[in-house]
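Visitor: I would like to learn how to read the features of a structure, with the general idea ahead of each case. Where do we begin?

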Amino acid sequence: MTSPIAVRGIDVDLAGRPVLRQVDLDVAPGEFVALLGANGSGKSTLVRATVGLVPTAAGSIQLFGTPLARFRDWRRVGYMPQRSSAVAGVPATVREVVTSGRLARRPVVGFRTRADRVAVDEAIERIGLAHRHDSPMTELSGGQQQRVLIARALASQPDLIVMDEPTAGVDHENTEILAAVLGGLASEGTSVLLVAHELGPMRPLIDRAVVMRAGRVEHDGPVADLRTDDHEAHAHLHSSQPPQHDSLSGEGPWR
Amino acid sequence: MDLLNYEFMQRALIAAVFTGLTAPAIGTFLVQRRLALLGDGIGHVALTGVALGLLTGIAPLITAVLIASAGAIVIELLRMYGRTSADVALAMLFYGGIAGGVLLINLADESASTLNRYLFGAITTVSVADLWLVAILGAIVLLLTIGLSPQLFAVCQDEEHARVSGVPVRLYGLLIAVLAAVTITVAMRTVGLLLVSALMVVPVATAQQLTRSFRATHLVAMVLGLLAAVLGVVASYEVDTPPGPTIVMLALLAFGVAVLGRVLLAAVRRTRRGIDFVQED
């Protein structure tokens, strides 16, 4: 099987400033990779470049063995942007938002098929909001909105899920639900690339952690190798948020 | 209904039907994209198109649709690639459009009343040729906004997610801008260039008071737009006012009623719940 993500030596400049330098990133089939680092370390830019939202100045990116510029099989990729504008100027229901996740599988013109409806229902079921499927997004809490965006990423039944800080600003209960959903996906063989500030309940799911620092990869290996207090506390020192040491004590059963 | 005996009124009413349906049909996407005032800006630019038509003897509707579309494309490109100065660039385009329009209309030796007709609409001026163009352009706008609504919804809801779904976001962004420009030309005879944006935005805001889903908002906004445009044209004939302001005041009235209705309904529900609570005690 070809690797869902193979990034080799990319450079990214934003507004004339170097943001990424010589970065490699791999996600193997079925692998759950966490991308960690402080604010401004370039982790978000790296995933955005990987899915083609940010142009690269050098290097190569392949998705499922196809160079990014020629990649068209977007139904295989479920993407969840960071702090997405879940609430637009006109209200939309949970079902409407999740249905837009099916676009990669639908022809340009045509009605929704039964398969579309079933996949959307399943995705909403999965994030545990089946009873809210006709609620407007505006009536949901921030954490519930994040779950809906996960469902949208799942609606195309992708082989790879890319999530940019899905747990940012989400309460503990919703984070637990997210972790359970991702655990289920991982056990089904879906590859996951997760950008996170802190791992929390996700920790036991992660096969490999990539830590970014100042636009370069600082660490790439098992989470066990991460001296937790070092790396994540370090990350917090450079962030605008106060250190939250309670989240660092996650001693999963797998350690 | 003796007004239907006048051919000019028949034409004005048909034009009103297309105006009332198309303006909210594209307007809903503009509001969703938080570009509610885009229509206003393109309307300003369209005035230069009208003036060019008057100056050169080409039908103003045709020059307006061309210049407005070109303006809309420039605005969208500035939005896509522009940085901090895009805001100011947009303002310049708007004011350039209206200043250029007024200057050229004067150069064409047209009177202030001609200018007024384009700015605020005039029901007596819809010719048969105009009506055909309005009907064809209106039908195209309706067909595309309804047929492509899944894509347009995705692009307006979350541009980045749409891009990673393989949707050609820039193309759809340009399409939305051009459809808005075409709609403005369709609506020009009925509501006029300065007020067309109101018919793109106000029925959508009214619909939002009553609906929970995007699809329902889209449909209800079109029905409300249709009612405002047709009733506005009738009222403007009856009381001899310009149609544009009449239509817009009707649309605003509907908004006021919808907001009031919603507030009252919420208050009634609260009171009922309060009473239930007391009884349970």
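Guide: Begin with contacts, where contact means heavy atoms within 4.5 Å. In chain B, residues 24 or more positions apart account for 77% of the contacts with a separation of 6 or more. For chain A, 69% of the contacts between residues at least 6 apart in sequence join residues at least 24 apart.

Visitor: What are the conventions behind such values?

Guide: This is a predicted model, in which local features need pLDDT of at least 70 and side-chain atom pairs count only at pLDDT 80 or more, while totals for chains, interfaces and linings use all residues. Residues are numbered from 1 along each chain as its sequence is written, chains are lettered from A and ligands numbered from 1 in the order in which they are written, and side-chain values use heavy atoms, with hydrogens and water left out.

Visitor: How many helices and strands does chain B have?

Guide: Elements are DSSP runs numbered from the N terminus: helices are H or I with at least four residues, strands are E with at least two. Chain B has 12 helices and 0 strands. Its radius of gyration is 20 Å, close to the 19 Å from the globule rule for 281 residues, so chain B is as compact as a globular protein of that length. That radius is taken over C-alpha atoms, and the rule is 2.2 Å times the number of residues to the power 0.38. Along the principal axes, the C-alpha atoms of chain B fill a box of roughly 80 × 55 × 30 Å. Chain A, for its part, has 6 helices and 10 strands.

Visitor: How much of the accessible surface belongs to carbon and sulfur atoms in chain B?

Guide: Accessible areas come from the Shrake-Rupley method with a 1.4 Å probe, and for residues only the protein chains shown count as cover. The surface of chain B comes to about 12,800 Å², and 68% of this belongs to carbon and sulfur atoms. For chain A the total is about 11,000 Å², with 49% belonging to those elements.

Visitor: What share of the residues of chain B counts as buried?

Guide: Buried means under 20% relative accessible area, exposed means over 50%, and partly exposed is in between (1.4 Å probe, protein chains only). Of the 281 residues of chain B, 50% are buried. Of the 255 residues of chain A, the share is 53%.

Visitor: Which backbone oxygen does the side chain of H44(B) reach?

Guide: A polar contact is a pair of N or O atoms within 3.5 Å; within protein, one must be able to donate a hydrogen and the other to accept it, and residues adjacent in sequence count only if both atoms are side-chain atoms. The side chain of H44(B) reaches the backbone oxygen of D40(B) at 2.8 Å. H44(B) sits in helix α2 (residues 38-56) of chain B and is buried, at a relative accessible area of 15%. Beyond four places in sequence, H44(B) touches F94(B), G97(B), I98(B) and L194(B).

Visitor: Where does T63(B) lie?

Guide: T63(B) lies in helix α3 (residues 60-81) of chain B. A polar atom of its side chain is 2.7 Å from the backbone oxygen of G49(B). T63(B) has a relative accessible area of 10% and is buried. Not counting residues up to four places away, it touches G49(B), V50(B), L52(B), G53(B) and I58(B).

Visitor: How do I read a positive phi?

Guide: Most residues other than glycine have a negative phi. Phi of Q157(A) is near 50 degrees. Q157(A) lies in the loop between α4 (142-154) and β7 (160-164) of chain A and is partly exposed, at 40%. E165(A) also has a positive phi, of about 50 degrees, and is found in the loop between β7 and α5 (172-187) of chain A.

Visitor: Is E165(A) buried or exposed?

Guide: E165(A) is buried, with 9% relative accessibility. Among the residues that Q146(A) contacts beyond four places in sequence are E165(A), P166(A) and M80(A). Q146(A) itself is in helix α4 of chain A and counts as buried at 10%.
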